[in-house]
Amino acid sequence: MDRFIRTITLLSQACGIFASGLIGAAVLVVCHMVFVRYALNHNTIWQTDFTIYSLIGATFIGSPYVLLTRGHVNVDVLPLYLGQEGRYRLALASMLMSFAFCAVMTVLTFQFWHEAWENNWRSESMWRARLWIPYAAMPVGLALLSLQYVAEIMKLVSGRELPFGLPPKEKA
């Protein structure tokens, strides 16, 4: 179990680094696009598509890292008022539902990616990018997010982490 958790943690961290690289590349490409359009007065062909696909890819590929670091938007009102047993049950239920959603979305986005691959879909821009390349970020990111949920569930059930990362309530 420890090896699985460590492996998924490393994969999620690598996803975070890769996603930040995609965002950085998108920023550089936007700067290039602005320079080419306004300083050189040339047309841009691929820059807009690349930027859009990079940011979408960063969103999906970076999602396991966000879960790992608890970087998602979170409202802790209910867990703050629950006891430790209630927090545990709520955390487990929410993680299981989230895992199920991600697993289903992994399968559906894989089917979508496969259709783009089989039919050689291309973007309708002048760049004519092969769409299976940016679409691959969806099933890959969601599959890794699903694995990160499995690791989080294992940590919760084994007692390695407290529900919602909240310490037990002190008695007044």
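Which side chain meets Glu161 in a salt bridge at 3.2 Å, N to O? Lys155 does. By salt bridge I mean a side-chain nitrogen of Lys or Arg within 4 Å of a carboxyl oxygen of Asp or Glu.

Some ground rules. This is a predicted model, where local features need pLDDT of at least 70 and side-chain atom pairs count only at pLDDT 80 or more, while totals for chains, interfaces and linings use all residues. Residues are numbered from 1 along each chain as its sequence is written, and side-chain values use heavy atoms, with hydrogens and water left out.

The whole chain, then. It has six helices and zero strands. Helices here are DSSP runs of H or I with at least four residues, strands are E runs of at least two, and numbering starts at the N terminus. The C-alpha trace spans about 70 × 40 × 30 Å along its principal axes. The radius of gyration is 20 Å, whereas a compact globule of 172 residues would have one near 16 Å. That radius is taken over C-alpha atoms, and the globule rule is 2.2 Å times the number of residues to the power 0.38.

Buried residues make up 33% of the 172. Buried means under 20% relative accessible area, exposed means over 50%, and partly exposed lies in between, using a 1.4 Å probe and protein chains only. Now contacts, meaning heavy atoms within 4.5 Å. Take those between residues at least 6 apart in sequence: 74% of them join residues at least 24 apart.

Next, helix H2. It covers residues 47-68, 22 residues in total. From first C-alpha to last it reaches 31 Å, close to the 32 Å expected at 1.5 Å a residue. The expected span is 1.5 Å times one less than the number of residues. H2 has a kink of about 45° at Gly62, shortly before Pro64. That bend is the angle between axes fitted to the seven residues ending there and the seven starting there.

What does H2 pack against? Its buried residues pack against helix H1 (2-39) and helix H6 (137-158). Among the buried ones are Gly62, Pro64 and Asp49.

Look at Asp49. It is buried, yet it has no salt bridge. The nearest side chain of opposite charge is Arg128, 9.1 Å away. For charge, Lys and Arg count as positive, Asp and Glu as negative, and His and the chain ends are not counted. Leaving aside neighbours within four places in sequence, Asp49 is in contact with Ser123, Ser125 and Trp127.

Just after H2 comes Arg70, with a positive phi of about 55°. Arg70 forms a salt bridge with Glu161, the closest N and O atoms being 2.7 Å apart. This pair links distant parts of the chain: Arg70 sits in the loop between H2 and helix H3 (77-81), Glu161 in the segment after H6, 91 residues apart. Both ends are partly exposed: Arg70 at 37% relative accessibility, Glu161 at 27%. Arg70, Glu152, Lys155 and Glu161 are linked in a network of salt bridges.

How many salt bridges does a search of the whole structure find? Five. One of them joins Arg160 and Asp2, with the closest N and O atoms 2.5 Å apart. Again the pair links distant parts: Arg160 in the segment after H6, Asp2 in helix H1, 158 residues apart. Arg160 is partly exposed at 41%, and Asp2 is partly exposed at 39%.
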